[in-house]
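Hi,

Here is the structure I promised to pass on.

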Amino acid sequence: MLNNIKNIFDRRGPAPIGAVEFIVVGLGNPGSRYTDTRHNTGFMALDKIAENRGVKIDKIRFKSLVGEGMLEGKRVLLMKPSTFMNLSGQAVQAALSYYKLQSENLVVIYDDISLAPGRLRIRLKGSDGGHNGIKNIIYLLGSDSFPRIKIGVGDRTHPDFDMKDWVLSRFSSEEKKQVDEAVIRADSALSLILSGHVTDAMNKFNG
């Protein structure tokens, strides 16, 4: 019994100290019907990052499920907005405003259909690229200057395939394997970004 309790505590990350310095947001849609869909890749990545760092994402704040932890020596808020994808900016804006942080202290992780499954692309800033979650964040923040980690989920297999149906579809077993591997690399990329080495992250992971 004592060993089981010790193992639970061993898996926890260090207790957060000081004020929140960064907000890391994984984008997706809430609810079991969207679990493991292409559009929920940001949620998958954030869950893996939280697991790796011993952070529990189990509190409700800022229209999101959130958890706090120490990542790369910084106090970081991990967020999974529950607003649905198209209104993700509401949660992000509320959290940044509360902690009085600038958009440069935000990192967003999300799916990208223009990338093959499993590929990563790190960007320091830029347009929404047709992604509705990013579009809403940029609109409400009035800025596109925030780092982002894009995880490839692949494009439609046929041009007549409805885009909404495609991003809400699930991965094949081979695609899921590739995306799971990308999620692990996304955690490594996040470490570099939080350490102030965005260019290094871009050079290392932008294949």
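**What I found, starting with helix H3**

The buried residues of H3 pack against strands S1 (22–26), S2 (59–61), S3 (64–71), S4 (74–81) and S5 (106–112), and also against helix H4 (132–141). Contact here means heavy atoms within 4.5 Å, and buried means under 20% relative accessible area, with exposed over 50% and partly exposed in between (1.4 Å probe, protein chains only). Helices (H or I, at least four residues) and strands (E, at least two) are DSSP runs, numbered from the N terminus.

Before going on, two notes on the source. This is a predicted model, in which local features need pLDDT of at least 70 and side-chain atom pairs count only at pLDDT 80 or more, while totals for chains, interfaces and linings use all residues. Residues are numbered from 1 along each chain as its sequence is written, and side-chain values use heavy atoms, with hydrogens and water left out.

Back to H3. Which of its residues are buried? They are Ser88, Gly89, Ala91, Val92, Ala95, Leu96 and Tyr99. Seen down the helix axis, the buried residues of H3 fall within an arc of 160° (taken from the directions from the axis to the C-beta atoms), so they line one face of the helix. The helix has 12 residues, 88–99, which at 1.5 Å a residue should span 16 Å; its end C-alpha atoms are 17 Å apart, which agrees. (The expected span is 1.5 Å times one less than the number of residues.) After H3 comes Lys100, with a positive phi near 55°.

Ser88 is worth a click. It sits in helix H3 and counts as buried because its relative accessibility is 0%. Leaving aside neighbours within four places in sequence, Ser88 is in contact with Leu27, Thr83, Gly133, Asn136 and Ile137.

**The cores**

A nonpolar core is a set of buried Ala, Val, Leu, Ile, Met, Phe, Trp, Tyr and Cys residues joined through side-chain atoms within 4.5 Å. The largest one has 31 residues, and those touching the most other members are Val24, Leu71, Leu78, Ile109, Ile149, Ile151 and Leu190. Several elements supply at least two residues each to this core, including S1, helix H2 (41–53) and strand S7 (148–152). Helix H6 gives the most to this core, with eight residues. Apart from it lies another core, of 22 residues, among them Val20, Leu106, Ile138 and Phe146.

**Strand S7**

How many of the five residues of S7 are buried? Five of the five are. Both faces are covered, with Arg148, Lys150 and Gly152 on one side and Ile149 and Ile151 on the other. S7 pairs with S5 in the parallel sense over five bridges, and with S6 in the antiparallel sense over four; two strands pair if DSSP finds at least two bridges between them. Tyr110 has Lys150 of S7 as its bridge partner, and Leu120 has Ile151.

**The whole protein**

There are seven helices and seven strands. From the N terminus on, they run α-β-α-β-β-β-α-β-β-α-β-α-α-α. With 207 residues, a compact globule would have a radius of gyration near 17 Å, and the protein has 17 Å, which agrees. (That radius is taken over C-alpha atoms, and the globule rule is 2.2 Å times the number of residues to the power 0.38.) Of the 207 residues, 47% count as buried.

Cheers
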